[in-house]
Amino acid sequence: MGTPADFIDLARYPIDDLQSPRGRALIADIKRNMAERVICSLPGFLRPEALARMVAEAEALEPLAYRGPAEASPYFYNYRTAVDLPSDHPRVRKTPRRLRQIAYDLIPPTTAIWQLYNWDPLAAFLAQASGVERLYRSADPFQALNISVMDEDGCQQWHFDANEINITLLLQPPEAGGEFEYVPLIRSTENENFDDVKAVLDGSRERVIQLQLEAGALVLFKGHHSMHRVAPVRGARRRFQTILGHNTRPGMVGSRESSILHYGPRVALIAPSQ
Ligand SMILES: [Fe+2]
């Protein structure tokens, strides 16, 4: 269990040999899924030993996780849009957020998850799978790699992602609940479709798709136009998920304001204001 190559089931997912027929077939399969369903889950991506190690690491780091806001708007990454709107407008509506996050700077380079994230062949594979020329790891000292921790009753609010493609690894599903729920392409660049967004916030299940992700699954998801959430966790076993931040441009960092909100006031002491 030395290098990140050993963490991955390369017999099933030959990400180190993408020019081979099987490598090409894998990429084609992921792209087809992304195009048809906006999501692609690769179950068993992590080998069992690596998965067990990452779960143990997440458990050990869990006391460092910061709770952040208890509710948030679907458009939480863009704070300055919600001015002078009626209180039932989706831009100002908030749904519960009960999760804690371990920031990148608190995840030691000795951990398997840090090593996997910083392994160049992973970014090369994710770029091909995403259909872009190159993907770069986020340069944000706090946001680049996160471990999200949900205790019993934990959940994530309905939201859109700032990024076009979101890449996660589900390390440990809960005993029950904690399903990933999404509404494919509920909005587009041309149309915010606030009526349908409002209906989902009001509890409509008509267009909601629910997935229970498996432990060790790598998940690619187009979350910028597809509203999504994590349903409440049931049972005592924590849900652990890792978010692997990538961008199509190098050197990208998130907002300091967002990092202070999501990782705590300590961020203000570490990161000087610009
Ligand atoms: Fe998201």
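Strand β15 (residues 239-244) is joined to β8 by four bridges, and the two strands run antiparallel. Strands are here DSSP runs of E of at least two residues, and helices are runs of H or I of at least four residues, both numbered from the N terminus; two strands are taken to pair if DSSP finds at least two bridges between them. Within this pairing, L170 stands opposite Q241 in β15.

The model is predicted: local features need pLDDT of at least 70 and side-chain atom pairs count only at pLDDT 80 or more, while totals for chains, interfaces and linings use all residues. Residues are numbered from 1 along each chain as its sequence is written.

Strand β8 (residues 166-172) also pairs with strand β12 (residues 217-221), in the antiparallel sense and over five bridges. In β12, A217 stands opposite L170. Seven of the seven residues of β8 are buried, and the strand is thus described as mostly covered. A residue is counted as buried if 20 or more other C-beta atoms, placed from the backbone, lie within 10 Å of its own.

In the protein as a whole, there are seven helices and 16 strands. Of the 274 residues, 38% are buried. Among contacts with a separation of 6 or more, 84% involve residues 24 or more positions apart, a contact being two residues whose C-beta atoms, placed from the backbone, lie within 7 Å.

The C-alpha atoms fill a box of roughly 55 × 45 × 40 Å along the principal axes.

How values were computed:
A residue is buried if 20 or more other C-beta atoms lie within 10 Å of its own, exposed if 12 or fewer, and partly exposed in between; C-beta atoms are placed from the backbone.
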